[in-house]
Amino acid sequence: MSNGHTRVEATTIHSFVTVAIPFDKKFVKEVELCLDGIGNPASPKLAIPLDRESFVHFLSMSVFNGDDAPQAFVILELSADGPVESVLNRLARAIAPILTEVLDKAHVSIRGMPLGDFLRRHHHGVGQGWFSTPGVNFDGSPEMSVPRIVKEAQLARIASDILEAYPPSTSALATLNFIRSKVKTDPSLEKLRWVFEEPLPPAPSLRAAPNPWKAVPPIILSAIASLFWPFLLIALAASAAGWIFDSLGTGFWLFVLVLALMFGVSYLWFRRKEHSDLPDDRPPSAKDVKTFMERENFTAQNHLAAASTMKGGPFRRFTLRIGLWVAGQLALHFSRPSFLGPTGVIHFARWILLPGTNTLFFYSNFDGAWESYLENFVEEAHQGVTGIWSNTVGFPKTSNLFGQGAADGDRLRRWTRRQQYPSRTWYTAYPSFTLARIRTNAAIRQGFIQALTEADAADWLSCFGSAPRPPDALESREIPTLVFGGLKRLGFATCLILRFTVDPRRNRSWLAKIENDISYGDSLLVKEALVVGLSQTGLLGLGLAKQDLETFPVPFQHGSDAPWRARALGDVDIDAPDEWWWGNGPENRADAIMLIYADTQDRLNGRVTRHREELDGIEVAYELPLSTIPAGSQDPYRQEPREPNVTEPFGFVDGVSQPIIRGTPQAQLTKESIHLVSPGEFIVGYPDNLGYLPPTASVAAGDDPQNLLPSVGFDPFRQRPDFSTPQTLDRRDLGRNGTFLVVRQLEQDVQSFNDFIAEAANALTGNPRIPPNLRAPLDEWIPAKMVGRWKDGTSLVRYPFAPGTAARASARPDNEFLFGKEDPRGLRCPFGAHIRRANPRESFDPGSTVQLSISNKHRIYRVGRPYSADVTESKRPGLMFMCLNADIERQFEFVQQVWAGAPSFHGLEKEFDPILGYPGTAYQLTIPTATGPLYLKGMRDFVTVRGSGYFFLPGRTAVRYLAR
């Protein structure tokens, strides 16, 4: 908002012109008929010359004939490009015959004065200061000239036509570059070449709202300069007097006391008047509403002219200035440019208390219907409107100047219609453009020139009937398919561990061959899938610079076979990297992992054969066929379980407790859950549970000459689309839409496990601490206590004495429970049980949502599969454990080291995870009961690590970059 015109650059000015010409009331009918003839919408005699001159955005002429005013007024108000003086002179030249005709009908003589000078004499600027005409202006399209608005609309329309004919592409930047080339080279589009030739001033309407904290000093200075400087002068004078006449300053403090009493009394008087004010509830005249509506809804915009009578007394003139000042500050410091608070439909608007009258005028050019415009005031901006109009007669009852008032929607609608008077002549330079469309066209033009990265090009494409992707909305087509589930609907799978050649070009050639086969998103109908992960040695083998690898997380750089990391994870003794079958050391390294899935064994065999043939010198260091999962046992979108049940070699349903990633189909089917987590916990480039963007891997901008990767400096939280900040010098985001895959081949000694269960059951038989109402045999109860679930997947928390399926055959694995709230003593699920260690929920602080949030920061997403005994060297079955994390150290390694592998977890002593174990160490499991603890002593190491690796699953665009 401004006092007379808006100026940001020397070449861009918007002027708010308000000309009020008094004339004798007896000529009102003649003037009204004349204005009606000029038209609303404007007739050609007004529209053609203004269109030709192309400097006026909106113009209206109306007649105000107030009952209490001694004379009537012709009010000409317009919003135009250029300084006020220039605008009035151009207007006088452009429509001199029309203005002369109106003045003649009003019997107003200009006495030989130039018409521009005459208009300037009757022009009224506005402000909130003591010596200015009370008023405020609002500019909804700052720095946008009429020619620019029209030309940008033309560019947007033609770009849309070209885009419609262009075949779909996976690269937004390629699409944008094609359209650029088309405009440059197509002779039929020569009229658009200006877009490359004219300098591109920024479009303020695309910017974000300013930081309100930075506005505090200018707001204080503005308040003093506009409103409160007289009080400051009086205070200074009193202070000086007190210093002169009383060295203790008693005079000053006496003045402060008197001033405070004056303000207090004034406030109480003001509140009393507010209480006694009666709103005018009369409905508007049906005849008047008909007159207004006859002039509405012919274009994308409408015009509102209203005149309200001020409440009596000078105090109300002061509070009006306060209301006007607050509205101005709201627009200037607390709103996006072109918005008034959250309202973005007002092109130009103004309030003015016309000098010599007791009437407050309001003029607005707005998008849409009158009813929707008022709805914006009621729902979104009622405080600012109330602070101004509450100083006029009949307005809905207010509280403390800014409260209630316009929030009373029904009364506001009635009152506003009663204040309204006909906009007899009204012109708009672009009748089909809403303000939102103007902003979009500006973004299309700005992005057409300045968008140089895939991310910006995607934002540019979103301008055509869409909107920029919200920060937490998943780019599903870019995200590796494992993020959306373990592909258990594809029941056949094989894992290939690869070792690259010494030639990066050869390795990249292989990646380019399979680039289009790699699977992304949540494709339910596919019959086969391919997932490819790259280790740190694999990225180097593709030619990634060492300094770029150093931007990856440190655990990934080290690798899981680094002795210091292995020791921290408990990979010692028989589990140590030296004993692994793959993934240990330079000669047995795992450069890449290929996970191949299919719906039939034949299809899987065909895919494996094909991918082996494509390796071209790359070695298969290790191959592991994974167990078959029965097909069709579960709709993958059902909530419990989310996918077909998988039973691991010890006989337990696996993968029951999984986080639910916001933005995935599963999350959309979940009303609310303790397992909901933000996408940034598992996918790089998205906000995490705390709303932050985690760090990402990056490459130098010079290493991405095709601008495939988004910029690291890209801020998804910023106001978009906005292409005013070039990003070409920033580092490029290699991690975005990727995730990290931890793979561990865990061999399971089923015979040893079963022998231990049998021994423990025999030892506990007859023990008086066994719960008397236990309905399951001990050889089922003991392993359930070790895991925390029964073998059918139902939880001990909800089913403490028998599996859920024992009482109800249709019972399903359950997961929506809280350890601390439902089992705070561990009497159902022991503190040391496998699932309580893997995800304690709020066990450490029962019922605490904070503790639950902390635990969710350490969740992992498991996507592994078991394998059978006949496919390994030792002829034992196991689990190809695989989990996804955005931060290997905070998620997988934390769970493995701090929870599963901690002997003092939850206050225990000398205990480890009873399933994962700890090699070479004797430990036990405590089973609490109501009458005291039971101990499972002599726990054995039932699981042996046979291989391990940390892999990066790149997003689609990152794969395209790495392959080149």
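Author: Welcome! Two strands pair if DSSP finds at least two bridges between them. Keep in mind that this is a predicted model.

Reader: Thanks! In which sense do strand 3 and strand 4 pair?

Author: Strand 4 covers residues 72–81, and eight bridges link it with strand 3. One of the bridges sets Met 61 against Leu 76 of strand 4. The sense of the pairing is antiparallel.

Reader: Which residue in strand 11 stands opposite Met 61?

Author: Strand 3 is also joined to strand 11 (residues 425–428), by four bridges, and the two run antiparallel. In strand 11, the residue opposite Met 61 is Thr 425.

Reader: How many of the nine residues of strand 3 are buried?

Author: Buried means under 20% relative accessible area. Strand 3 spans residues 56–64 and is largely enclosed by the rest of the structure, because the buried residues number nine of the nine.

Reader: Now the helices: are helix 7 and helix 16 roughly parallel or roughly perpendicular to each other?

Author: The axes of helix 7 (residues 172–185) and helix 16 (residues 435–450) come within 10 Å and cross at roughly 90°. Angles of 65 to 115 degrees count as roughly perpendicular. The two helices are therefore roughly perpendicular.

Reader: Is Asn 815 buried or exposed?

Author: Asn 815 sits in the loop between helix 27 (804–807) and helix 28 (819–822). Its relative accessibility is 7%, and the cut-off for buried is under 20%. Asn 815 therefore counts as buried.

Reader: With which side chain does the side chain of Asn 815 make a polar contact of 2.7 Å?

Author: A polar contact of 3.3 Å links the side chain of Asn 815 to that of Ser 657. The polar contact of 2.7 Å is with the side chain of Arg 841.

How values were computed. Residues are numbered from 1 along each chain as its sequence is written. This is a predicted model: local features need pLDDT of at least 70, side-chain atom pairs count only at pLDDT 80 or more; totals for chains, interfaces and linings use all residues. Side-chain values use heavy atoms; hydrogens and water are left out. Buried means under 20% relative accessible area, exposed over 50%, partly exposed in between (1.4 Å probe, protein chains only). A polar contact is a pair of N or O atoms within 3.5 Å; within protein, one must be able to donate a hydrogen and the other to accept it, and residues adjacent in sequence count only if both atoms are side-chain atoms. Axes are lines fitted to C-alpha atoms, for helices over the stretch in contact, and angles run from 0 to 180 degrees between N-to-C directions. Angles under 35 degrees count as roughly parallel, over 145 as roughly antiparallel, 65 to 115 as roughly perpendicular and the rest as oblique.
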